[in-house]
Amino acid sequence: MHKLPLVRAIGLAFPFVCTAPAHAAQAAPDVETPSTFLGIVVVTGRQPTSLPTQIPTTIEGIKGTDVAEKINATDAEDAIKYLPSLLVRKRYIGDYNHAVLSSRASGTGNSARSMVFADGILLSNYLGNGASFTPRWGLVTPEEIERVDVLYGPFSAAYPGNSVGAVVDYVTRMPKQFEAHAKVGYFTQPFELYGTHTTYSGQQASASLGSREGGFSWWFNLNRTDSTGQPLTFPSKLVSTGSTATTAVPGTVVTGAALDNDKGNNPWYLLGGATQYHTVQDHAKLKLAYDLDPTVRAAYTLGVWHNTTTNQSESYLRDASGQPFYSGTANIGGRNYTVAATDFGQSREQLEHVMHGLSVKSRTRGVFDWEVAASLYDYRQDLQRTPTVAKPAADLGGAGRLTDLSGTGWDTLALKGVWRPLGVDGAHIIDFGLQQDRYRWHQLVSNASDWISGGPTSTFTDFGGRTQLRSAYAQDAWTLAEQWKTVLGLRAEQWRAGDGYKVASGGQRVAYQDRQETYLSPKAAVGYQAAEDWTLKLSSGRAVRMPTAGELFQGGLSSAGAYVAGDPVTNPSLKPEKSWTTEFSAEWEGGAHRWRTTLFHELTKDALYSQSTVVDGKAVTSTQNIDRMRTFGLELAYRGQDVGWRGVDLSSSVTYTQSKILDNAGYVTTPGDTIGQQQPRVPMWRGSLLATWRATPQLSLSYGARAASNQYGTLNNSDSNGFTYQGFSKFFTTDLRARYQFDRQWSAALGIDNLNNYQYWNFHPYPQRTYSAELKFDL
């Protein structure tokens with residue numbers, strides 16, 4: 001059989017593709033070693049991973065050593081920040097509740113259209129869809145990353161419809177001998193916006209130990225992040241809503257309001273900064289692995305993540321005596337504005353989440369291999385406390401509400417097999433499996449007489465429900481001829497939703513009927529080795545993204561906790577999203593240089609978004625289906641070594657995307673106002689670049705850049721002003737990193753993120769120029 005001149009590691013293209021010599025699998029059998037033949041990525045190894053053995057789609061990746069050298073990585077998601085077409089909405093270091101992953105055809109409001117795994121354990125949160133349902137990035141620390149791979153598109157039958165955007169798979173370290181690591185870091189951000197002029201700082205510390213003795217290996221990691229972020233929200237009043245102050249109602253004359261335009265270019269006043277987090281996060285992880293025999297390994301992972309957070313606000317407004325103004329009637333420029341008690345909000349959170357993962361996997365590389373894997377993610381504690389009284393009295397206590405998600409979580413079970421009927425070098429390699437994913441959601445909001453330390457006194461609202469997905473899949477990687485290979489797959493899914501209910505503040509309970517539906521999703525890909533250095537690949541697949549419990553069962557209640565009159569609550573009848581995605585790639589490799597050009601197209605029916613529609617003559621806003629959306633585009637990617645100068649690594653990408661709403665019965669303001677508009681939070685242009693110069697064997701210097709064009713946050717694209725609170729702006733940011741290796745054990749790094757101090761927005765303001773320093777010890 002014709003062999004490629006090089007064993008290629010993940011991706012064939014850019015960036016940070018981990019090239020490995022042909023003997024790598026023998027030298028390090030515990031590390032998965034992705035390689036490619038005829039455009040199909042093949043994964044072998046013994047560590048837990050979500051990846052099937054044959055992957056018929058574009059894949060990019062980065063090694064943990066490259067993350068440490070080239071990227072100012074304070075959180076796990078930073079490892080993928082320069083990969084093509086990806087963006088994580090990370091608003092501050094340690095962002096735990098809004099860091100949504102977006103991809104080619106999915107924006108940062110669609111968290112359920114991507115998948116994130118760590119050592120084969122699902123970290124994506126499919127209890128809901130949106131900013132509050134982000135992957136549990138905190139269960140992985142940058143220091144423990146062995147590598148991370150990203151698959152683009154729903155082209156593998158081994159994944160559910162959530163893979164329609166991307167699949168991110170972290171593999172963390174598992175030692176082959178005794179090792180110890182420690183790292184400390186510090187970061188600081190001078191922040192200037194509206195009336196906020198403050199420096200926010202934080203620190204990190206991490207330590208890990210691991211070893212292997214015979215067939216037994218273990219790894220233990222501890223990490224603490226203590227981070228203070230910038231304000232993320234800003235209480236505001238449209239200028240037009242003010243009333244003329246009179247002698248009878250003079251209001252309190254205040255100064256300090258910042259005048260700006262809102263996302264629709266209407267003048268408004270920003271009254272202060274809010275949602276300013278101080279988060280202290282502790283991460284602990286234990287990994288155990290034991291070789292039951294030379295071909296079978298059992299592995300167990302325990303992860304614990306604890307988070308204590310305070311969320312503060314400050315008022316820019318000052319009365320005649322110079323005291324902060326928080327509530328009442330504010331007289332700004334002779335016009336009165338009502339400042340509500342909750343405009344300057346605050347909260348306190350206590351969270352403790354626990355993750356378990358267990359797998360038993362064979363690796364005979366013979367006719368048949370198998371794997372059994374199970375995982376559990378549990379919200380052991382998840383309590384948020386918020387006041388309903390105004391500052392400054394609220395700083396000392398008073399009435400409030402408690403939001404309790406304890407007991408929420410998910411569990412997964414998978415039985416997988418790989419059959420090589422003609423042997424390891426035969427024409428057919430068949431992946432197949434059975435999977436079950438179950439999600440349970442319970443959100444109880446209670447009234448409390450003391451929001452700081454009091455217990456619940458009565459129910460305000462209560463939501464809950466369960467979803468379950470049972471699947472069977474099979475796919476055959478078939479070598480048709482010396483230069484041709486195809487992958488054909490089919491996924492069958494049975495989806496159930498049940499036990500859904502909501503309770504209003506008056507105690508009225510609504511229960512929803514259980515649902516059960518079945519879907520089939522075919523997949524196909526073909527790879528052609530056109531020449532020794534050229535590979536062509538065509539992939540197509542259907543993805544069915546099921547509604548989440550939050551989309552199905554939450555809603556239909558007013559801010560006062562009462563049922564919305566006339567709201568039939570259509571959420572429980574939501575249809576799944578159904579997407580057909582196709583991509584064509586041409587990939588060239590010449591020595592240390594690799595290029596990839598990819599054309600992609602996606603047609604989505606019944607896309608899930610929040611919008612308005614008319615039911616029984618009344619306008620109802622809720623999560624609804626958009627009839628049809630279409631996305632197509634072009635992605636260019638390059639990676640090279642010794643580019644223009646010895647010791648210079650360069651990776652870059654540019655993506656052009658057209659994503660439009662074709663048909664929609666719903667609307668934002670008036671019927672038909674969304675048709676022909678751009679999909680929210682999907683920019684037309686985006687790009688990235690990362691260059692590293694190894695100036696000496698000890699010193700490396702890295703420069704990174706990322707950019708994106710204008711985007712919108714609303715379905716009707718009415719938010720034309722992106723450079724404001726609640727706007728979605730274009731951006732161009734640059735980063736620097738210098739790393740010095742003093743000796744085998746000690747290294748240090750200095751970094752600057754957003755070097756050019758670009759002020760940009762994704763509803764919330766992104767961080768401004770941020771300085772970081774770290775010191776690391778490796779034994």
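Mentor: A salt bridge here is a side-chain nitrogen of Lys or Arg within 4 Å of a carboxyl oxygen of Asp or Glu, and by that criterion Glu60, Arg104, Glu583, Arg596 and Glu635 are linked in a network of salt bridges. Please keep in mind that this is a predicted model, in which local features need pLDDT of at least 70 and side-chain atom pairs count only at pLDDT 80 or more, while totals for chains, interfaces and linings use all residues. Residues are numbered from 1 along each chain as its sequence is written, and side-chain values use heavy atoms, with hydrogens and water left out.

Trainee: OK, and how many salt bridges does the structure hold?

Mentor: The structure holds 42 of them. One is between aspartate 78 and lysine 90, whose side chains meet at 2.8 Å, N to O.

Trainee: Where do aspartate 78 and lysine 90 sit in the chain?

Mentor: Aspartate 78 is in the loop between helix H2 (64–70) and strand E5 (87–88), and lysine 90 is in the loop between E5 and strand E6 (101–102), so the pair links distant parts of the chain, 12 residues apart. Helices (H or I, at least four residues) and strands (E, at least two) are DSSP runs, numbered from the N terminus.

Trainee: Is lysine 90 buried or exposed?

Mentor: Lysine 90 is buried, with a relative accessible area of 14%, and aspartate 78 also counts as buried, at 7%. The classes are buried under 20% relative accessible area, exposed over 50% and partly exposed in between, using a 1.4 Å probe and protein chains only.

Trainee: What about glutamate 774, which residue does it meet in a salt bridge?

Mentor: Glutamate 774 meets arginine 737, at 2.8 Å from N to O. The pair links distant parts of the chain, with glutamate 774 in strand E43 (residues 770–778) and arginine 737 in strand E39 (residues 731–741), 37 residues apart. Arginine 737 is buried at 4%, and glutamate 774 counts as buried at 18%.

Trainee: Switching to sheets, in what order do the four strands of the open sheet come?

Mentor: The order is E15-E22-E21-E16, with mixed pairing, where two strands pair if DSSP finds at least two bridges between them. The edge strands, each pairing on one side only, are E15 (243–244) and E16 (252–253).

Trainee: And in what sense do E21 and E22 pair?

Mentor: Strand E21 (residues 328–332) and strand E22 (residues 335–339) pair in the antiparallel sense over five bridges. Isoleucine 332 has arginine 335, in E22, as its bridge partner.
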